[in-house]
Amino acid sequence: MKSSKQTYQEVAEACSKYEPVSTQYAFKNSTCDCQVPSCTNCTHFTRQEHCDLDLYDEIVERLK
């Protein structure tokens, strides 16, 4: 399930394991807005758009 940009931001802000990609990596990926916490710029977010720590669903449920 794809999530909205806002949901990814809310989840990242609520996640205790959020770890933004390095600034060096961000320059290589011009679509990365690493100033704003988001799952899409977290080191635990895979290319398949999945949290490799399996925290996403749990956090979304808490935010409801």
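Me: How many aromatic pairs does a search of the whole structure find?

Reply: Two aromatic pairs turn up when the whole structure is searched. Please keep in mind that this is a predicted model.

Me: What makes the pair of tyrosine 8 and phenylalanine 45 edge-to-face?

Reply: Happy to walk through that one. The ring centres of tyrosine 8 and phenylalanine 45 are 5.2 Å apart, and rings pair if their centres lie within 6.5 Å. Their planes meet at 75 degrees, and planes over 60 degrees apart count as edge-to-face. The pair is therefore edge-to-face.

Me: Which parts of the chain does the pair link?

Reply: Tyrosine 8 sits in helix H1, while phenylalanine 45 belongs to the loop between helix H2 (23-28) and H3.

Me: Why are H1 and H3 called roughly perpendicular?

Reply: Helix H1 (residues 5-14) and helix H3 (residues 56-63) pack at an angle of about 95 degrees. Angles from 65 to 115 degrees count as roughly perpendicular. H1 and H3 are therefore roughly perpendicular to each other. As for the spacing, their axes are 10 Å apart.

Me: Which residues in H1 and H3 meet?

Reply: From H1 come Thr7, Tyr8, Glu10, Val11 and Ala14, and they meet Tyr56, Ile59, Val60, Arg62 and Leu63 in H3. Sorted by class, this contact has seven nonpolar, one polar and two charged residues.

Me: What pattern does the chain follow along the sequence?

Reply: The pattern is α-α-α, with three helices and zero strands in the chain. Of its 64 residues, 28% count as buried. Among contacts with a separation of 6 or more, 55% are between residues 24 or more positions apart.

Me: Why is serine 38 called buried?

Reply: Its relative accessible area is 6%, and buried means under 20%. Serine 38 is therefore buried. This residue lies in the loop between H2 and H3. Beyond its neighbours within four places in sequence, serine 38 is in contact with Tyr8, Gln9, Ala12 and Tyr18.

Me: What makes the approach of serine 38 and threonine 40 a polar contact?

Reply: The side chains of serine 38 and threonine 40 are joined at 2.9 Å, and a polar contact needs a pair of N or O atoms within 3.5 Å. The distance is therefore inside that cut-off. Threonine 40 is found in the loop between H2 and H3. Not counting residues up to four places away in sequence, threonine 40 touches Tyr8 and Phe45. From C-alpha to C-alpha, threonine 40 and alanine 12 are 8.8 Å apart in space and 28 residues apart in sequence.

Me: Why is glutamine 9 called partly exposed?

Reply: Glutamine 9 has a relative accessible area of 21%. Buried means under 20% and exposed means over 50%, with partly exposed in between. Glutamine 9 is therefore partly exposed. This residue is found in helix H1. Leaving aside its neighbours within four places in sequence, glutamine 9 is in contact with Val36, Pro37 and Ser38. Glutamine 9 and cysteine 39 are 30 residues apart in sequence, with their C-alpha atoms 6.5 Å apart in space.

Me: How do you know that lysine 17 is partly exposed?

Reply: The relative accessible area of lysine 17 is 49%, and exposed means over 50%. Lysine 17 therefore counts as partly exposed. Its place is in the loop between H1 and H2. Apart from neighbours within four places in sequence, lysine 17 is in contact with Cys42, His44, Leu53 and Leu55. The C-alpha atoms of lysine 17 and cysteine 42 are separated by 9.1 Å.

Me: Why is aspartate 54 called exposed, and what is its phi?

Reply: At 55% relative accessible area, aspartate 54 passes the mark of over 50%. Aspartate 54 is therefore exposed. Its phi is positive, about 55 degrees, although aspartate 54 is not a glycine. Most residues other than glycine have a negative phi. Aspartate 54 lies in the loop between H2 and H3.

Technical notes. Residues numbered from 1 in each chain as written. Predicted model: local features only at pLDDT ≥ 70, side-chain atom pairs only at ≥ 80, totals over all residues. Heavy atoms only, no water. Axes fitted to C-alpha atoms, helices over the stretch in contact; angles between N-to-C directions. Helix = DSSP H or I, 4+ residues; strand = E, 2+ residues; numbered from the N terminus. Parallel < 35°, antiparallel > 145°, perpendicular 65-115°, else oblique. Contact = heavy atoms within 4.5 Å. Nonpolar A, V, L, I, M, F, W, Y, C, P; charged D, E, K, R; others polar. Phe/Tyr/Trp six-rings, centres within 6.5 Å; stacked < 30°, edge-to-face > 60°. Buried < 20%, exposed > 50% of the residue type's maximum accessible area, 1.4 Å probe, protein only. Polar contact = N/O pair within 3.5 Å; in protein donor to acceptor, adjacent residues only side chain to side chain.
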